[in-house]
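Have the model open while you read.

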Amino acid sequence: MPEALTFEQVTAGDLLKDFSYALPDGSLAAVVSSRQEENDLKVRLLLGLSAPDAGSVCVLGQELAGASEKTLIALRRRVAVLFPTGGLISNLKVWENLVLPLEYHFGYSQAEIEQRGMAALARVGYAGSLTELPWSLSLYQRRQVGLARAMLIEPELIVYNATLDGLSQGEQAAMIAAAVEFHRQSGQRSSLFMTPNQETVKDLPLDRRTPVKGSFTAHD
Amino acid sequence: MLTAWLEKMVAAIVYLYDLVDMLAAAFGNCLAAFRHGARPAFNVYLRQVYFTGLEAFKIILITALLIGTVVITQIVSIAGSGSEALTGKVIVWIVVRELGPLLTAILVVARSGTAIAAELSQMKIGGEIDYLESLGIPAANYLIMPRIFGVATAVVVLTVYFEIAAVLGGFLVASLGWHVPWEEYSHGVFSVLTLSVLGASLLKSLLFGLFVAAICCLQGLSVGKSVTQIPQAATRAVMQSLFLLFVVDGVFSLFFLL
(Lines give C-alpha, C1' and ligand atoms only; values in the text may rest on other atoms or scores of the structure.)
Protein backbone atom coordinates (compact mmCIF):
# COMPACT_ATOMS: atom_id res chain seq x y z
CA MET A 1 0.00 0.00 0.00
CA PRO A 2 1.50 3.38 -0.93
CA GLU A 3 2.25 5.76 1.92
CA ALA A 4 1.14 9.30 2.45
CA LEU A 5 3.97 10.04 4.83
CA THR A 6 7.16 8.27 5.82
CA PHE A 7 9.90 9.14 8.25
CA GLU A 8 12.82 6.83 7.79
CA GLN A 9 15.44 6.70 10.52
CA VAL A 10 15.14 10.42 11.01
CA THR A 11 17.46 12.16 13.42
CA ALA A 12 17.00 15.84 14.06
CA GLY A 13 18.68 17.75 16.88
CA ASP A 14 18.24 16.27 20.34
CA LEU A 15 14.53 15.63 19.92
CA LEU A 16 14.43 12.89 17.29
CA LYS A 17 16.76 9.91 17.15
CA ASP A 18 16.30 7.28 14.44
CA PHE A 19 12.59 7.94 14.22
CA SER A 20 10.75 5.83 11.68
CA TYR A 21 7.10 5.98 10.85
CA ALA A 22 4.85 5.31 7.87
CA LEU A 23 1.31 6.52 7.36
CA PRO A 24 -0.56 4.47 4.73
CA ASP A 25 -2.60 6.32 2.14
CA GLY A 26 -6.16 7.00 3.16
CA SER A 27 -5.68 6.06 6.82
CA LEU A 28 -6.63 7.85 10.00
CA ALA A 29 -3.85 7.47 12.54
CA ALA A 30 -2.31 8.96 15.63
CA VAL A 31 1.23 9.39 16.86
CA VAL A 32 1.74 9.88 20.56
CA SER A 33 5.04 11.57 21.28
CA SER A 34 6.79 12.04 24.58
CA ARG A 35 6.53 15.85 24.33
CA GLN A 36 4.96 18.55 22.19
CA GLU A 37 8.28 19.94 20.92
CA GLU A 38 8.79 16.63 19.17
CA ASN A 39 5.48 17.00 17.32
CA ASP A 40 6.35 20.56 16.31
CA LEU A 41 9.66 19.35 14.93
CA LYS A 42 8.00 16.52 12.98
CA VAL A 43 5.59 19.03 11.45
CA ARG A 44 8.48 21.28 10.40
CA LEU A 45 10.24 18.27 8.90
CA LEU A 46 7.23 17.05 6.92
CA LEU A 47 6.60 20.55 5.58
CA GLY A 48 10.23 20.88 4.54
CA LEU A 49 10.70 23.88 6.84
CA SER A 50 13.56 22.07 8.58
CA ALA A 51 15.87 19.41 7.26
CA PRO A 52 16.78 16.32 9.28
CA ASP A 53 20.37 15.71 10.34
CA ALA A 54 20.01 12.15 9.08
CA GLY A 55 17.36 9.95 7.51
CA SER A 56 14.69 10.82 5.01
CA VAL A 57 11.18 12.27 4.98
CA CYS A 58 8.80 11.48 2.15
CA VAL A 59 5.42 13.21 1.80
CA LEU A 60 2.82 12.15 -0.77
CA GLY A 61 5.49 10.33 -2.72
CA GLN A 62 7.84 13.30 -2.74
CA GLU A 63 11.23 12.88 -1.10
CA LEU A 64 11.93 16.17 0.65
CA ALA A 65 15.72 16.00 0.71
CA GLY A 66 17.01 18.19 -2.08
CA ALA A 67 13.54 19.27 -3.18
CA SER A 68 13.45 22.76 -4.66
CA GLU A 69 11.53 25.60 -3.02
CA LYS A 70 9.05 25.47 -5.89
CA THR A 71 8.45 21.75 -5.32
CA LEU A 72 7.99 22.30 -1.60
CA ILE A 73 5.48 25.10 -2.17
CA ALA A 74 3.52 22.88 -4.57
CA LEU A 75 3.62 20.03 -2.04
CA ARG A 76 2.44 22.25 0.85
CA ARG A 77 -0.68 23.04 -1.14
CA ARG A 78 -1.59 19.34 -0.92
CA VAL A 79 -0.94 19.10 2.81
CA ALA A 80 -2.80 20.86 5.60
CA VAL A 81 -1.48 21.26 9.12
CA LEU A 82 -3.58 22.31 12.08
CA PHE A 83 -1.25 24.01 14.52
CA PRO A 84 -1.89 23.97 18.28
CA THR A 85 -2.83 27.66 18.25
CA GLY A 86 -5.04 27.25 15.18
CA GLY A 87 -2.34 28.63 12.87
CA LEU A 88 -4.13 31.91 12.24
CA ILE A 89 -2.33 35.09 11.20
CA SER A 90 -2.66 37.66 13.98
CA ASN A 91 -3.16 40.74 11.81
CA LEU A 92 -5.88 39.19 9.63
CA LYS A 93 -9.50 39.00 10.67
CA VAL A 94 -11.19 35.60 10.99
CA TRP A 95 -12.70 35.73 7.49
CA GLU A 96 -9.45 36.94 5.91
CA ASN A 97 -7.60 34.12 7.64
CA LEU A 98 -10.13 31.59 6.44
CA VAL A 99 -10.11 32.48 2.78
CA LEU A 100 -6.42 33.42 2.49
CA PRO A 101 -5.32 30.17 0.78
CA LEU A 102 -8.36 30.25 -1.51
CA GLU A 103 -7.59 33.80 -2.60
CA TYR A 104 -3.90 33.07 -2.94
CA HIS A 105 -3.96 29.78 -4.78
CA PHE A 106 -7.25 29.56 -6.60
CA GLY A 107 -8.88 31.84 -9.11
CA TYR A 108 -12.36 31.70 -7.57
CA SER A 109 -14.72 34.63 -7.77
CA GLN A 110 -15.57 36.50 -4.56
CA ALA A 111 -19.05 34.97 -4.57
CA GLU A 112 -17.65 31.46 -4.81
CA ILE A 113 -15.06 32.14 -2.11
CA GLU A 114 -17.81 33.45 0.15
CA GLN A 115 -19.99 30.43 -0.47
CA ARG A 116 -17.15 27.93 0.11
CA GLY A 117 -15.92 29.80 3.19
CA MET A 118 -19.34 29.90 4.84
CA ALA A 119 -19.89 26.21 4.05
CA ALA A 120 -16.57 25.26 5.68
CA LEU A 121 -17.37 27.28 8.80
CA ALA A 122 -20.74 25.57 9.02
CA ARG A 123 -19.07 22.15 8.77
CA VAL A 124 -16.88 22.84 11.80
CA GLY A 125 -19.74 24.49 13.67
CA TYR A 126 -18.05 27.86 14.03
CA ALA A 127 -20.50 30.41 15.42
CA GLY A 128 -18.18 33.29 16.32
CA SER A 129 -17.57 36.61 14.65
CA LEU A 130 -15.98 36.82 11.22
CA THR A 131 -14.66 40.33 11.64
CA GLU A 132 -12.68 39.82 14.84
CA LEU A 133 -8.93 39.39 15.03
CA PRO A 134 -7.78 35.93 16.21
CA TRP A 135 -6.65 37.08 19.68
CA SER A 136 -10.27 37.65 20.68
CA LEU A 137 -11.28 34.06 19.89
CA SER A 138 -11.13 31.12 22.27
CA LEU A 139 -8.59 28.38 21.58
CA TYR A 140 -11.38 26.13 20.34
CA GLN A 141 -12.69 28.78 17.96
CA ARG A 142 -9.20 29.41 16.58
CA ARG A 143 -8.83 25.69 15.92
CA GLN A 144 -12.28 25.56 14.34
CA VAL A 145 -11.27 28.30 11.90
CA GLY A 146 -7.97 26.52 11.28
CA LEU A 147 -9.83 23.31 10.48
CA ALA A 148 -12.28 25.13 8.21
CA ARG A 149 -9.35 26.71 6.37
CA ALA A 150 -7.73 23.28 5.99
CA MET A 151 -10.99 21.91 4.59
CA LEU A 152 -11.08 24.63 1.96
CA ILE A 153 -7.85 23.53 0.35
CA GLU A 154 -9.02 19.88 0.12
CA PRO A 155 -5.68 18.40 1.26
CA GLU A 156 -4.57 14.87 0.50
CA LEU A 157 -2.85 14.73 3.88
CA ILE A 158 -4.03 16.57 6.97
CA VAL A 159 -1.96 16.70 10.15
CA TYR A 160 -3.60 17.61 13.44
CA ASN A 161 -0.83 18.86 15.70
CA ALA A 162 -2.13 18.73 19.30
CA THR A 163 -5.52 19.81 17.95
CA LEU A 164 -7.45 18.04 20.70
CA ASP A 165 -5.19 19.04 23.57
CA GLY A 166 -6.44 21.69 25.95
CA LEU A 167 -10.08 21.40 24.85
CA SER A 168 -13.08 20.45 26.95
CA GLN A 169 -14.63 17.02 26.34
CA GLY A 170 -17.51 18.52 24.39
CA GLU A 171 -15.16 20.55 22.21
CA GLN A 172 -12.96 17.49 21.65
CA ALA A 173 -15.97 15.44 20.58
CA ALA A 174 -17.14 18.13 18.16
CA MET A 175 -13.64 18.53 16.71
CA ILE A 176 -13.26 14.76 16.30
CA ALA A 177 -16.66 14.52 14.59
CA ALA A 178 -15.74 17.27 12.11
CA ALA A 179 -12.29 15.78 11.47
CA VAL A 180 -13.59 12.24 10.97
CA GLU A 181 -16.38 13.40 8.69
CA PHE A 182 -13.82 15.35 6.63
CA HIS A 183 -11.51 12.32 6.56
CA ARG A 184 -14.27 10.03 5.30
CA GLN A 185 -15.42 12.48 2.67
CA SER A 186 -12.58 11.33 0.45
CA GLY A 187 -11.23 7.79 0.43
CA GLN A 188 -7.81 9.08 -0.59
CA ARG A 189 -7.34 11.51 2.28
CA SER A 190 -4.90 10.61 5.05
CA SER A 191 -5.28 12.10 8.52
CA LEU A 192 -2.65 12.06 11.23
CA PHE A 193 -3.20 13.21 14.80
CA MET A 194 -0.06 14.12 16.74
CA THR A 195 -0.23 14.59 20.47
CA PRO A 196 1.88 14.27 23.59
CA ASN A 197 -1.20 13.15 25.51
CA GLN A 198 -2.63 9.75 24.59
CA GLU A 199 -5.85 10.44 26.46
CA THR A 200 -6.89 12.98 23.85
CA VAL A 201 -6.87 10.47 20.99
CA LYS A 202 -8.55 7.57 22.77
CA ASP A 203 -11.94 8.41 21.25
CA LEU A 204 -10.66 8.62 17.69
CA PRO A 205 -11.80 5.81 15.34
CA LEU A 206 -8.20 5.13 14.40
CA ASP A 207 -6.90 2.80 11.76
CA ARG A 208 -3.53 2.94 13.36
CA ARG A 209 -1.94 4.19 16.57
CA THR A 210 1.80 4.41 16.90
CA PRO A 211 3.65 4.14 20.18
CA VAL A 212 6.75 6.22 20.50
CA LYS A 213 9.57 5.25 22.84
CA GLY A 214 7.29 2.64 24.38
CA SER A 215 5.05 5.24 25.93
CA PHE A 216 1.91 3.89 24.33
CA THR A 217 0.59 0.45 23.54
CA ALA A 218 -0.16 -0.15 19.90
CA HIS A 219 -3.70 -1.04 19.06
CA ASP A 220 -5.19 -1.62 15.63
CA MET B 1 42.62 45.52 15.27
CA LEU B 2 42.91 45.17 11.49
CA THR B 3 41.18 41.80 11.61
CA ALA B 4 38.28 43.23 13.57
CA TRP B 5 38.00 46.10 11.12
CA LEU B 6 38.05 43.70 8.18
CA GLU B 7 35.41 41.55 9.85
CA LYS B 8 33.18 44.58 10.24
CA MET B 9 33.72 45.49 6.59
CA VAL B 10 32.82 41.99 5.47
CA ALA B 11 29.73 41.99 7.69
CA ALA B 12 28.65 45.35 6.21
CA ILE B 13 29.14 44.07 2.66
CA VAL B 14 27.19 40.88 3.43
CA TYR B 15 24.42 42.98 4.97
CA LEU B 16 24.27 45.26 1.93
CA TYR B 17 24.19 42.21 -0.30
CA ASP B 18 21.25 40.81 1.71
CA LEU B 19 19.43 44.12 1.34
CA VAL B 20 19.94 44.33 -2.40
CA ASP B 21 19.04 40.64 -2.69
CA MET B 22 15.78 41.27 -0.82
CA LEU B 23 14.95 44.20 -3.09
CA ALA B 24 15.77 42.18 -6.21
CA ALA B 25 13.59 39.34 -4.92
CA ALA B 26 10.76 41.81 -4.27
CA PHE B 27 10.88 42.97 -7.90
CA GLY B 28 10.97 39.35 -9.08
CA ASN B 29 8.08 38.39 -6.80
CA CYS B 30 6.12 41.40 -7.99
CA LEU B 31 6.14 40.02 -11.52
CA ALA B 32 5.32 36.52 -10.24
CA ALA B 33 2.38 37.91 -8.25
CA PHE B 34 0.63 38.86 -11.47
CA ARG B 35 0.31 35.14 -12.17
CA HIS B 36 -0.22 33.88 -8.63
CA GLY B 37 -1.57 35.33 -5.39
CA ALA B 38 -2.09 38.83 -6.76
CA ARG B 39 -5.24 39.65 -4.79
CA PRO B 40 -4.01 38.93 -1.23
CA ALA B 41 -0.62 40.50 -1.95
CA PHE B 42 -2.35 43.59 -3.34
CA ASN B 43 -4.47 43.78 -0.17
CA VAL B 44 -1.31 43.80 1.95
CA TYR B 45 0.13 46.47 -0.35
CA LEU B 46 -2.96 48.67 0.01
CA ARG B 47 -2.97 48.23 3.77
CA GLN B 48 0.69 49.26 3.91
CA VAL B 49 0.04 52.34 1.77
CA TYR B 50 -2.83 53.22 4.10
CA PHE B 51 -0.83 52.84 7.32
CA THR B 52 2.38 54.40 6.05
CA GLY B 53 0.90 56.99 3.71
CA LEU B 54 -2.58 58.07 4.61
CA GLU B 55 -2.25 57.81 8.37
CA ALA B 56 1.02 59.79 8.31
CA PHE B 57 -0.41 62.51 6.10
CA LYS B 58 -1.33 64.88 8.93
CA ILE B 59 2.06 64.78 10.65
CA ILE B 60 3.83 65.18 7.30
CA LEU B 61 1.69 68.21 6.47
CA ILE B 62 2.34 69.92 9.81
CA THR B 63 6.07 69.21 9.63
CA ALA B 64 6.24 70.52 6.06
CA LEU B 65 4.46 73.75 6.96
CA LEU B 66 6.80 74.29 9.88
CA ILE B 67 9.88 73.52 7.79
CA GLY B 68 8.67 75.90 5.07
CA THR B 69 8.20 78.60 7.71
CA VAL B 70 11.64 78.03 9.24
CA VAL B 71 13.42 78.06 5.88
CA ILE B 72 11.64 81.22 4.68
CA THR B 73 12.35 82.99 7.95
CA GLN B 74 16.03 82.13 7.69
CA ILE B 75 16.27 83.24 4.06
CA VAL B 76 14.56 86.56 4.68
CA SER B 77 16.62 87.21 7.78
CA ILE B 78 19.83 86.57 5.81
CA ALA B 79 18.95 88.11 2.44
CA GLY B 80 16.69 90.90 3.74
CA SER B 81 13.74 92.43 1.97
CA GLY B 82 13.68 92.73 -1.80
CA SER B 83 14.91 89.16 -2.25
CA GLU B 84 11.55 87.65 -3.17
CA ALA B 85 12.78 85.69 -6.21
CA LEU B 86 15.77 84.40 -4.27
CA THR B 87 13.44 83.29 -1.51
CA GLY B 88 11.49 81.11 -3.95
CA LYS B 89 14.68 79.67 -5.44
CA VAL B 90 16.25 78.81 -2.11
CA ILE B 91 13.17 77.05 -0.82
CA VAL B 92 13.19 74.81 -3.90
CA TRP B 93 16.90 74.09 -3.48
CA ILE B 94 16.51 73.26 0.18
CA VAL B 95 13.10 71.64 0.36
CA VAL B 96 12.60 69.95 -3.01
CA ARG B 97 16.17 68.83 -3.55
CA GLU B 98 17.09 67.88 0.00
CA LEU B 99 14.77 68.19 2.95
CA GLY B 100 11.56 66.96 1.34
CA PRO B 101 12.65 63.40 0.55
CA LEU B 102 14.95 63.16 3.57
CA LEU B 103 12.57 64.40 6.26
CA THR B 104 9.65 62.44 4.82
CA ALA B 105 11.73 59.26 4.89
CA ILE B 106 12.89 60.00 8.46
CA LEU B 107 9.29 60.44 9.59
CA VAL B 108 8.32 57.20 7.85
CA VAL B 109 11.21 55.36 9.54
CA ALA B 110 10.12 56.68 12.94
CA ARG B 111 6.48 55.89 12.39
CA SER B 112 6.23 52.87 10.11
CA GLY B 113 9.73 51.40 10.10
CA THR B 114 9.52 50.46 13.75
CA ALA B 115 6.00 49.11 13.25
CA ILE B 116 7.06 46.88 10.34
CA ALA B 117 10.11 45.52 12.16
CA ALA B 118 8.10 44.87 15.35
CA GLU B 119 5.19 43.29 13.49
CA LEU B 120 7.35 40.96 11.42
CA SER B 121 9.48 39.93 14.38
CA GLN B 122 6.36 39.26 16.44
CA MET B 123 4.97 37.17 13.56
CA LYS B 124 8.21 35.22 13.28
CA ILE B 125 8.47 34.53 17.00
CA GLY B 126 4.78 33.53 17.10
CA GLY B 127 5.37 31.00 14.31
CA GLU B 128 3.12 32.85 11.86
CA ILE B 129 5.74 32.83 9.11
CA ASP B 130 5.67 29.04 9.36
CA TYR B 131 1.86 29.08 9.27
CA LEU B 132 1.99 30.99 5.99
CA GLU B 133 4.69 28.74 4.54
CA SER B 134 2.63 25.69 5.54
CA LEU B 135 -0.20 27.05 3.38
CA GLY B 136 2.18 27.22 0.42
CA ILE B 137 2.33 31.01 0.72
CA PRO B 138 5.94 32.20 0.72
CA ALA B 139 6.51 35.03 3.21
CA ALA B 140 8.67 36.79 0.61
CA ASN B 141 5.70 37.06 -1.76
CA TYR B 142 2.94 37.76 0.72
CA LEU B 143 4.60 39.68 3.56
CA ILE B 144 7.77 41.28 2.25
CA MET B 145 7.17 42.30 -1.36
CA PRO B 146 3.89 44.19 -0.75
CA ARG B 147 5.37 45.94 2.29
CA ILE B 148 8.42 47.09 0.36
CA PHE B 149 6.37 48.52 -2.49
CA GLY B 150 3.73 49.88 -0.12
CA VAL B 151 6.30 51.85 1.86
CA ALA B 152 8.05 53.02 -1.32
CA THR B 153 4.76 54.25 -2.78
CA ALA B 154 3.84 56.01 0.46
CA VAL B 155 7.22 57.73 0.75
CA VAL B 156 7.05 59.03 -2.83
CA VAL B 157 3.49 60.35 -2.42
CA LEU B 158 4.19 61.83 1.01
CA THR B 159 7.29 63.55 -0.38
CA VAL B 160 5.16 65.24 -3.03
CA TYR B 161 2.73 66.44 -0.36
CA PHE B 162 5.60 67.53 1.86
CA GLU B 163 7.19 69.61 -0.88
CA ILE B 164 3.92 71.25 -1.95
CA ALA B 165 3.03 72.04 1.66
CA ALA B 166 6.49 73.42 2.46
CA VAL B 167 6.65 75.63 -0.64
CA LEU B 168 3.09 76.93 -0.20
CA GLY B 169 3.45 77.21 3.57
CA GLY B 170 6.65 79.15 3.07
CA PHE B 171 4.89 81.52 0.74
CA LEU B 172 2.07 82.00 3.23
CA VAL B 173 4.51 83.03 5.95
CA ALA B 174 6.53 85.21 3.55
CA SER B 175 3.37 86.84 2.33
CA LEU B 176 1.96 87.50 5.80
CA GLY B 177 5.23 88.41 7.49
CA TRP B 178 7.14 90.29 4.83
CA HIS B 179 4.45 91.03 2.23
CA VAL B 180 6.23 89.00 -0.44
CA PRO B 181 4.04 89.05 -3.60
CA TRP B 182 3.06 85.71 -5.19
CA GLU B 183 4.35 86.73 -8.62
CA GLU B 184 7.89 87.33 -7.38
CA TYR B 185 7.93 84.27 -5.16
CA SER B 186 6.49 81.94 -7.79
CA HIS B 187 8.88 83.31 -10.41
CA GLY B 188 11.76 82.31 -8.16
CA VAL B 189 10.22 78.91 -7.49
CA PHE B 190 9.45 78.00 -11.11
CA SER B 191 12.76 79.27 -12.45
CA VAL B 192 14.61 76.48 -10.64
CA LEU B 193 11.86 73.88 -10.34
CA THR B 194 12.73 71.94 -13.47
CA LEU B 195 11.57 68.47 -14.43
CA SER B 196 15.01 67.08 -13.65
CA VAL B 197 14.93 68.54 -10.13
CA LEU B 198 11.47 67.10 -9.57
CA GLY B 199 12.48 63.75 -11.07
CA ALA B 200 15.62 63.58 -8.93
CA SER B 201 13.58 64.37 -5.83
CA LEU B 202 11.06 61.63 -6.57
CA LEU B 203 13.76 59.12 -7.53
CA LYS B 204 15.54 59.84 -4.27
CA SER B 205 12.36 59.36 -2.27
CA LEU B 206 11.69 56.10 -4.12
CA LEU B 207 15.16 54.83 -3.22
CA PHE B 208 14.67 55.93 0.37
CA GLY B 209 11.34 54.10 0.56
CA LEU B 210 12.73 50.90 -0.95
CA PHE B 211 15.79 50.79 1.31
CA VAL B 212 13.93 51.74 4.49
CA ALA B 213 11.31 49.04 3.90
CA ALA B 214 13.92 46.42 3.04
CA ILE B 215 15.96 47.20 6.17
CA CYS B 216 12.91 47.05 8.42
CA CYS B 217 11.73 43.77 6.88
CA LEU B 218 15.22 42.28 7.12
CA GLN B 219 15.56 43.26 10.76
CA GLY B 220 12.04 42.08 11.55
CA LEU B 221 12.81 38.65 10.15
CA SER B 222 16.22 38.44 11.83
CA VAL B 223 14.87 37.59 15.29
CA GLY B 224 15.21 34.20 16.96
CA LYS B 225 12.71 32.91 19.49
CA SER B 226 12.75 35.39 22.34
CA VAL B 227 10.29 38.29 22.60
CA THR B 228 13.08 40.46 24.01
CA GLN B 229 14.47 40.51 20.47
CA ILE B 230 11.45 42.44 19.18
CA PRO B 231 12.44 45.87 20.57
CA GLN B 232 16.05 45.15 19.65
CA ALA B 233 15.03 44.47 16.05
CA ALA B 234 12.95 47.65 15.96
CA THR B 235 15.86 49.72 17.31
CA ARG B 236 18.29 48.22 14.83
CA ALA B 237 15.83 48.84 12.00
CA VAL B 238 15.57 52.53 12.89
CA MET B 239 19.28 53.11 13.38
CA GLN B 240 20.29 51.29 10.21
CA SER B 241 17.55 52.95 8.19
CA LEU B 242 18.64 56.41 9.33
CA PHE B 243 22.28 55.65 8.62
CA LEU B 244 21.52 54.29 5.16
CA LEU B 245 19.26 57.26 4.40
CA PHE B 246 22.14 59.66 4.95
CA VAL B 247 24.51 57.47 2.94
CA VAL B 248 22.09 57.19 0.00
CA ASP B 249 21.36 60.92 0.23
CA GLY B 250 25.06 61.76 0.12
CA VAL B 251 25.80 59.42 -2.78
CA PHE B 252 22.73 60.58 -4.68
CA SER B 253 23.65 64.24 -4.24
CA LEU B 254 27.18 63.55 -5.46
CA PHE B 255 26.07 61.77 -8.60
CA PHE B 256 22.86 63.52 -9.59
CA LEU B 257 22.79 67.00 -8.23
CA LEU B 258 26.32 68.28 -8.55
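What do the side chains of Glu112(A) and Arg116(A) meet in? They meet in a salt bridge (3.5 Å, N to O), the term here being a side-chain nitrogen of Lys or Arg within 4 Å of a carboxyl oxygen of Asp or Glu.

Before going on, some housekeeping. This is a predicted model, where local features need pLDDT of at least 70 and side-chain atom pairs count only at pLDDT 80 or more, while totals for chains, interfaces and linings use all residues. Residues are numbered from 1 along each chain as its sequence is written, chains are lettered from A and ligands numbered from 1 in the order in which they are written, and side-chain values use heavy atoms, with hydrogens and water left out.

**Salt bridges**

- Over all chains, the structure holds 15 salt bridges.
- Glu112(A) and Arg116(A) sit 4 residues apart in helix α4 (residues 110-124) of chain A, so about one helical turn separates them. Helices here are DSSP runs (H or I, at least four residues) and strands are too (E, at least two), numbered from the N terminus.
- Glu112(A) is partly exposed at 30% relative accessible area, and Arg116(A) is partly exposed with 30% relative accessibility. On this scale, buried means under 20% relative accessible area, exposed means over 50%, and partly exposed is in between (1.4 Å probe, protein chains only).
- Another pair in chain A is Glu199(A) with Lys202(A), whose side chains meet in a salt bridge at 4.0 Å, N to O. Glu199(A) is partly exposed at 46%, and Lys202(A) is partly exposed at 41%.

**Where chains A and B meet**

- In this interface, 26 residues of chain A are in contact with 22 residues of chain B, contact being heavy atoms within 4.5 Å.
- About 2,200 Å² is buried between the two chains, with carbon and sulfur atoms giving 54% of that. Buried area is the accessible area (1.4 Å probe) that two parts lose on being put together, summed over both.
- On the chain A side, Ile89(A), Asn91(A) and Tyr104(A) lose the most area to chain B, together 29% of what that side buries.
- The rule finds 3 salt bridges across the interface of chain A and chain B.
- Asp130(B) and Arg44(A) meet through their side chains in a salt bridge (2.3 Å, N to O). The pair joins two chains, because Asp130(B) is in helix α5 of chain B and Arg44(A) is in helix α1 of chain A.
- Asp130(B) is partly exposed with a relative accessible area of 22%, and Arg44(A) is partly exposed at 27%.
- A network of salt bridges links Glu69(A), Arg76(A) and Glu133(B).

**Pockets**

- On a 1 Å grid over the protein atoms alone, a pocket is an open set of points with protein on both sides within 12 Å along at least five of seven lines, whereas a cavity is a set where a 1.4 Å probe fits but cannot get out; lining residues have an atom within 4 Å of a point.
- The largest pocket has a volume of about 670 Å³. Volume means the space filled by probe spheres set on the grid points, which are joined across faces, edges and corners.
- Of the 22 residues lining the largest pocket, Asp40(A), Arg44(A), Gly127(B), Asp130(B) and Lys225(B) lie nearest its centre.
- α1(A) gives the most to that lining, with 5 residues.
- The second largest pocket holds about 330 Å³ of space. It is lined by 18 residues, and Arg47(B), Gln48(B), Phe51(B), Glu119(B) and Arg147(B) are the closest to its centre.
- α4(B) supplies the largest share of the lining of the second largest pocket, 6 residues.

**Cavities**

- The whole structure has 2 cavities of 30 Å³ or more.
- The largest cavity has about 90 Å³ of space, and its lining includes Arg149(A), Ser134(B) and Leu135(B).
- β6(A) gives the most to the lining of the largest cavity, with 4 residues.
- The second largest cavity has a volume of about 30 Å³. Strand β8 (residues 190-195) of chain A gives the most to its lining, with 3 residues.
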